[in-house]
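Thank you all for coming. Before I say anything, please take a moment with the sequence and the model on the screen.

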Amino acid sequence: MELDPSAVQLLSEDGTFTEHPEYPLGLSDADIIGLYRRLILVRRADVEAINLQRQGYLKLWGPVFGQEAAQVGSAAALQPGDRAFPQGRQFGVGLTVGIDPAEMLSVWRGEIQGGGWSVEASGIALYTFPIGSQAPHAVGYGMALQRDQKNAAVIAYLGDGAFGTGDVHESLLWSALYKSPVVFFCENNQYALSNPVERSAPLPLFRRSEGFGLPGVQVDGNDVLGCYAVTARAARRARAGEGPTLVEALTYRIGPHTTSDDPDRYRKADEVATWRMRDPIIRMRDFVLGAGLVTRADLDAIDQEAEVCATAVRAACVADPAPVQPVQMFDHVYGTRPQHLEAERRAWLAFNEETQATS
Amino acid sequence: MTTFVTALNTALSDSMKADPRVLLMGEDVGDLGGVFRVTDGLIAQFGEDRVLNTPISESTLVGAAVGLAMGGYRPVVEMQFDSFVYPAFAQITWHLSRFRYRSRGQLTMPVVIRVPYGGNIGAAEHHSDSPEAYFVPTPGLKVFTPSTPSQGYALLREAIEDDDPVIFFEPKHDYWMKEDCELTQREPNAPGARIAGEGSDLTLVGYGPTVKLCVAVREYFAQEGVSIEVLDLFKLNPLEINLLVGSVTRTGRMVVVHEAPVFGGFGGELVARAASDCFAALKAPPLRVGAMSTPYPAAALEHEYLPGMDRIVDAVDASLRYGVTT
Ligand SMILES: Cc1ncc(C[n+]2csc(CCOP(=O)(O)OP(=O)(O)O)c2C)c(N)n1
Ligand SMILES: [Mg+2]
């Protein structure tokens with residue numbers, strides 16, 4: 001799938017920057033270098049996660065490879081008080097707002113559910129694995145912010161596949177009706193597991209907004225500056241009480257759906273090769289170097305930092321300093337444990353003591 | 001040797017060959033062949049006309065199946081994992097299960113909803129549930145769950161030929177189970193339960209993924225000179241209650257095993273039937289073994305959460321020792 005003629009692009013494939021009259025960038029040189037740095041960190045940590053999965057330290061991994069610009073650019077537009085509702089692949093969003101990558105991996109180690117980070121401190125809600133079901137949460141959270149006059153924005157991350165669900169469409173409607181301050185950020189990586197977006201969306205996804213009464217815009221999802229500028233503007237609108245926006249970032253999932261997937265069964269190698277050429281990092285590197293924002297030595301230093309980060313992620317996974325205790329499964333089911341559950345917990349403890357004593 | 005996946009795949013293929021009105025619909029059921037490969041090769045064999053690789057729209061998958069059934073088709077819907085059937089719960093309980101009743105027999109709903117269920121595969125959240133207790137009590141709905149490849153074949157073909165809607169729970173942990181068997185159809189309306197191993201001291205009841213555990217427990221006790229009868233319930237609704245009542249009346253003891261949490265689980269229905277229909281014969285209170293009454297936990301904890309052989313053995317022991325003073 002190719003970009004819509006109306007798509008916003010600040011950084012072209014060859015690294016040329018062009019201002020957009022409606023989407024001013026408004027970033028300092030240091031901010032721009034910061035975006036590049038995050039792209040590199042996310043790419044490197046993602047590769048490390050794939051390796052960790054292969055070596056058995058993670059049960060599963062959903063790679064970000066290829067989608068770094070969409071995640072970093074959009075998340076960089078978040079401000080304190082804003083809230084993001086991720087789907088399941090938004091590792092790069094968490095890293096961009098400064099969550100410890102190891103905390104984002106604990107779910108994939110199979111030790112906890114939802115997420116290992118502080119939602120309040122990070123502003124990132126838990127992963128949502130049932131596709132599309134986080135969209136109404138984002139709308140409702142936005143309604144709460146609005147009632148409390150918080151002037152903050154909510155961003156709902158949605159895959160292209162999520163646009164098959166009723167929840168997402170009902171959320172678009174609600175957001176427009178109640179002017180909930182939501183940015184629906186669709187990371188269109190062109191596949192929902194094996195289903196290509198051409199087979200699930202008869203028209204470009206951003207155009208679905210119109211019928212629900214909210215603006216929609218497509219942005220080049222491999223252009224980190226474009227993703228930032230478009231999200232920042234939508235978030236400003238939301239914070240100012242002007243209502244929701246649907247943003248479609250067109251990108252591509254270079255890797256498998258997850259480490260259990262075999263994409264050769266459903267897509268052609270030359271399509272993947274074409275999109276590899278449109279790598280979001282290469283064009284940004286060309287730009288920051290060409291514009292004289294950084295030297296090669298600066299880039300090397302960033303690569304070095306990414307290595308250190310990857311090493312730390314690996315160490316945290318391998319050491320597993322606080323493995324989860326089985327008896328914790330009985331905690332947090334309710335505020336007060338009901339009789340039947342307390343009885344099960346006691347029986348479980350007694351049974352385990354008994355079997356340990358006899359073995 | 002035939003795996004569960006091959007048996008189910010063959011059942012789909014044979015049903016589609018036998019009846020051009022059988023359609024498959026689901027997420028990733030096309031070129032990928034489904035995440036468990038149950039539909040492998042079917043899109044190549046039958047074309048996109050009969051194998052619909054759909055968007056992620058579980059509610060509409062079932063709702064559209066209802067409409068297709070009204071139009072004379074026999075849709076087989078695949079849910080990718082157990083808990084993703086929940087968005088379709090309303091269509092199933094409002095419509096699929098009720099059209100025969102509310103049309104006073106004018107309409108039938110020959111729809112099968114295939115649901116891989118159960119845990120023990122180290123999966124992510126929402127990929128390991130055993131939701132049968134949400135569906136079994138729904139009037140008008142049938143609920144099947146095979147425990148072996150050959151049974152899977154026969155039961156799926158029967159479900160597709162049935163004019164009533166069937167929720168077909170497939171024990172996903174056993175997709176790679178192998179059996180030396182022939183794949184043959186059963187007679188229509190054959191009983192929905194079988195004795196998977198005869199015995200006289202206690203009736204151990206399982207279904208789907210717990211049948212293999214019950215059989216292993218039976219072998220374990222055989223070495224101790226205890227004779228256990230294993231009952232495999234492959235239809236939870238309609239329930240073959242006479243086989244259960246007969247067995248428990250003979251043995252006087254019953255233990256039910258399922259992967260779903262015990263509290264409010266289907267085992268409660270079986271225990272209630274044993275208590276009311278076999279009261280005089282009971283030598284010990286019927287017991288249930290199942291998962292803890294918590295949400296399905298993270299994968300690292302699932303072995304502590306699910307009923308394993310050790311907990312089944314413990315329950316059988318407790319039943320056998322009941323009333324014996326040492
Ligand atoms: C309600 C629901 N149905 C099915 C699934 C199984 N599933 C997991 S991810 C996925 C594809 C999601 O595609 P998309 O929304 O484009 O996100 P991406 O994986 O591309 O990031 C599917 C079908 C699910 N998680 N939830
Ligand atoms: Mg996608």
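I will go through a metal site, then the cavities, and then the nonpolar cores.

What we have is a predicted model, in which local features need pLDDT of at least 70 and side-chain atom pairs count only at pLDDT 80 or more, while totals for chains, interfaces and linings use all residues. Residues are numbered from 1 along each chain as its sequence is written, chains are lettered from A and ligands numbered from 1 in the order in which they are written, and side-chain values use heavy atoms, with hydrogens and water left out.

Let me begin with the magnesium ion, ligand 2, which is coordinated at 2.0 to 2.1 Å by A:D160 through OD, A:N189 through OD1 and A:Y191 through O. Donors here are N, O and S atoms within 2.8 Å of the metal (3.2 Å for Na, K and Ca), and since water is not among the atoms, sites may look incomplete. Along the sequence, these donor residues follow the spacing D-x28-N-x1-Y. A:D160 sits in the loop between β2 (154–159) and α7 (166–178) of chain A, and A:N189 in the loop between β3 (182–188) and β4 (191–192), 29 residues apart; helices (H or I, at least four residues) and strands (E, at least two) are DSSP runs, numbered from the N terminus.

Are these two residues, A:D160 and A:N189, buried or exposed? A:D160 counts as buried at 3% relative accessibility, and A:N189 is buried too, at 4%, where buried means under 20% relative accessible area with a 1.4 Å probe and protein chains only.

A:D160 comes up again in the second largest cavity, whose lining also includes A:N195, B:P55 and B:I56. A cavity is a set of points, on a 1 Å grid over the protein atoms alone, where a 1.4 Å probe fits but cannot get out, and lining residues have an atom within 4 Å of a point.

Turning to the nonpolar cores, each is a set of buried Ala, Val, Leu, Ile, Met, Phe, Trp, Tyr and Cys residues joined through side-chain atoms within 4.5 Å. The largest has 70 residues, and among those with the most contacts inside it are A:I32, A:L225, A:M284 and A:V288. Helix α1 of chain A, residues 29–54, gives the most to this core, with 11 residues. A second, separate core of 41 residues includes B:V77, B:L231, B:V256 and B:A274.

Technical notes. Buried means under 20% relative accessible area, exposed over 50%, partly exposed in between (1.4 Å probe, protein chains only). On a 1 Å grid over the protein atoms alone, a cavity is a set of points where a 1.4 Å probe fits but cannot get out, and a pocket is an open set with protein on both sides within 12 Å along at least five of seven lines; lining residues have an atom within 4 Å of a point.
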